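Let's take a walk through a protein model, starting with its pocket and ending with a helix. Keep the structure open beside you as you read.

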Amino acid sequence: MRSGLPGAPQTVAGLDVSYEVGSDRVVAAAVLLDVATARVRESALVVGKVTVPYVPGLLAFREVPFLLAALERLPVSPDVLVCDGYGIAHPRRFGLACHLGVLTGLPAFGVAKTAFTARFDEPERARGAWTPLLDGDETVGRALRTQAGVKPVFVSVGHRVGLAEASDLTIALAPRYRIPEPTRQADLLSRAALRESPPTTG
DNA sequence: GCGACAG
DNA sequence: ATCTTGTCGC
């Protein structure tokens with residue numbers, strides 16, 4: 001028992017929120033996938049209205065309510081949460097993935113598309129190559145190459161999971177694209193639902 | 001004081 | 001986050 005994960009995770013849930021232009025409408029998606037195949041098994045959506053503005057460093061306060069609602073709609077609880085954003089790689093060391101992990105009690109980590117306050121050296125070109133994500137002299141995560149020759153993603157621990165394991169899962173869940181399937185599918189689903197969902201009522 | 005700044 | 005078409009390449 002080196003990490004907080006009881007054993008090899010069988011399922012993961014990818015989370016993401018899509019916003020509608022010129023309105024407060026948002027759609028949150030929670031997608032359950034099998035780790036072994038990286039394929040979608042279940043999914044849940046929630047439509048809502050944002051009341052909190054986006055402020056760098058406070059993203060969790062804006063998205064967590066919707067993500068929790070979407071998670072509750074999944075028929076089964078996932079073994080791990082894959083979030084679109086940061087975990088510990090945050091100015092206050094408590095990003096979105098930390099909030100969701102603590103609130104749900106589930107292991108969680110974040111996979112962000114861009115660096116925030118942290119710095120990093122370019123990883124080798126190979127898939128799986130990584131370099132430490134640094135905030136001053138502190139290692140807060142990893143700049144991880146999920147696809148050879150493609151820009152790296154930024155992995156950081158959120159709750160009850162180690163950085164090495166989070167990185168391994170990210171690679172395993174990103175067999176073809178830069179963004180791992182959990183988060184990628186959640187993005188696709190929430191975006192599609194937003195377009196198909198009537199602006200008001202039914 | 002100014003710029004940068006997850007999504 | 002979102003606004004946005006085609007195009008080049010495997």
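## Ground rules

Helices (H or I, at least four residues) and strands (E, at least two) are DSSP runs, numbered from the N terminus. This is a predicted model, so local features need pLDDT of at least 70 and side-chain atom pairs count only at pLDDT 80 or more, while totals for chains, interfaces and linings use all residues. Residues are numbered from 1 along each chain as its sequence is written, chains are lettered from A and ligands numbered from 1 in the order in which they are written, and side-chain values use heavy atoms, with hydrogens and water left out.

## The largest pocket

Rolling a probe the size of a water molecule over the atoms shows where empty space is left. A pocket here is an open set of points, on a 1 Å grid over the protein atoms alone, where a 1.4 Å probe fits, with protein on both sides within 12 Å along at least five of seven lines; lining residues have an atom within 4 Å of a point. The largest one has a volume of about 510 Å³ (the space filled by probe spheres set on the points, which are joined across faces, edges and corners). Of its 26 lining residues, Tyr54, Leu59, Asp84, Gly85 and Tyr86 are the closest to the centre.

Which elements each supply at least two residues of that lining? They are β1 (11–19), α1 (59–72) and α2 (96–104).

An unreviewed UniProt entry lists Asp16 and Asp84 under "binding site". They span 69 residues in sequence, yet their C-alpha atoms are not more than 6.0 Å apart, so they gather at one spot. Both Asp16 and Asp84 belong to the lining of the largest pocket. As for that record, its positions are given in the numbering used here, feature names are shortened, and annotations may be inferred rather than shown by experiment.

Asp16 sits in strand β1 and counts as buried at 7% relative accessibility (buried means under 20% relative accessible area, with a 1.4 Å probe and protein chains only). Asp84 lies in the loop between β4 and α2, and Asp84 is buried too, at 15%. Leaving out residues up to four places away in sequence, Asp84 touches Leu15, Asp16, Leu96, Val111, Lys113 and Thr183 (contact means heavy atoms within 4.5 Å).

Terms used:
Buried < 20%, exposed > 50% of the residue type's maximum accessible area, 1.4 Å probe, protein only.
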